[in-house]
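Please examine the sequence and the three-dimensional structure shown here. The paragraphs that follow lead through them step by step.

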Amino acid sequence: MTVLILDDEILSVEFMMRGVNWEKCGVSEVLTAYDAEEARRVVAEHPVDIILCDIEMPGDSGIDFMRWARDNGYDMDCIFLTCHAKFEYAQEAVRLQSRDYILKPAPFEVIEQKVRDAVAQRRKKLEDEAKKKIGGQWIQHTKEQIADNYGAVKSHETIAAEAEAYIHHHMSESDLSVQKIADHLNLSSDYLGKIFKQEKEITLNKYIVRTRMETAAALLRGGEISIVSVAEQVGYENYSYFSSSFKRTYGCNPAKYMKKQRG
C-alpha cells in the first residue's frame, strides 16, 4: 500500500514519517507533498492508495484537493487531518467520501490505528473488485461459448417467429405443447411464454388453439375431407374435444359450420 502525506507543516510531516510504524500498518511506501499543487503532481506520477490530507493549507485546502481528485477519477481513501473540529469540515469530508477525520495533534497510536483500518478496508475493496473482474471475465467467456455453440443470441422477435413457425408445421401432432416448442428452441417454457406474449399479445397456448381452429375452419370450408379427418389434421384425436373447442371459437359445431359454408 502507498500512502501520501499532504501537509504544509514540514515538522508535522517529519514527525509522522519517523513516528508512525508504517510497516506495521501494512504500508510499503510513503510519499509527501506540502501543498495541493505538489500533491496533484505526485498522484499523477504515482498510484496512491491512501492519503493523510491536512485541511488548512495556504492556497488550495485539503478539501479543495480532494474535490479535484474525486472530480478527476483518482481512487484513493482519504483520512483528513485538521486542528479545528469544524462541523462544516466534517460535512464536506462525508460528501467527499473521506474514510476518517483526525484532530491534530494526534498520538502516533491513533494515526496508526486509522491507517491500519484504512489499509484493511482498501485491501478488501481491491479484492472485491478483482473478484468482480474475474467473475465478469468468466461470464463473458461463458457467453462466447454459448454463442459459438448455438449461434448469436436471438432477438425476442426471432424467437416468437420461430415458435409460430413450429406451431404451423407441427399442429397435426396431438402432443404439441408449450414445453415441446420450448425444448425445440432450447429455452425454458416460462421464458418462451413470456417472450411470445410480449411479441404477439396472446399466450402461446391460446395461439396454438387459435391456429388449429383457423386451419380447421379453412379445411371445412373446402369441404373436401371429413370432419374427423379435419380434427386429426389439426392435432385432435378426440372428436368430441375438437368439436367443443371449435364451437367455443366459432359459436357452432363443425358440422353446422360446414353446412353454413356450403349454403
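In which helix do F242 and F246 both lie, and how many residues apart are they? The model considered here is a predicted one. In this model, F242 and F246 both belong to helix 12, and they are four residues apart, which corresponds to about one turn of the helix.

Helix 12 can next be viewed together with a partner. Two packed helices are described by the angle between their axes and the distance between the axes. Helix 10, covering residues 204-222, packs with helix 12, covering residues 239-250, at an angle of about 95°, and their axes are 10 Å apart. Helix 10 is therefore roughly perpendicular to helix 12, since angles from 65 to 115 degrees are placed in that class. On the side of helix 10, the residues that meet helix 12 are M213, E214, A216, A217 and L220. Their counterparts in helix 12 are F242, S245, F246, T249 and Y250. By class, this contact of helix 10 with helix 12 comprises seven nonpolar, two polar and one charged residues.

Attention may now turn to the second largest pocket, which holds about 200 Å³ of space. Its lining includes E9, S12, F15, M16, L81, C83 and K104. Helix 1 (10-19) and helix 6 (108-150) each supply at least two residues of this lining, and helix 1 gives the most, with three residues. Sorted by class, the lining of the second largest pocket has nine nonpolar, one polar and two charged residues.

Key. Residues numbered from 1 in each chain as written. Predicted model: local features only at pLDDT ≥ 70, side-chain atom pairs only at ≥ 80, totals over all residues. Heavy atoms only, no water. 1 Å grid on protein atoms, 1.4 Å probe; cavity = no way out; pocket = protein on both sides within 12 Å on 5 of 7 lines; lining within 4 Å. Points joined across faces, edges and corners; volume = space filled by probe spheres on them. Nonpolar A, V, L, I, M, F, W, Y, C, P; charged D, E, K, R; others polar. Axes fitted to C-alpha atoms, helices over the stretch in contact; angles between N-to-C directions. Parallel < 35°, antiparallel > 145°, perpendicular 65-115°, else oblique. Contact = heavy atoms within 4.5 Å.
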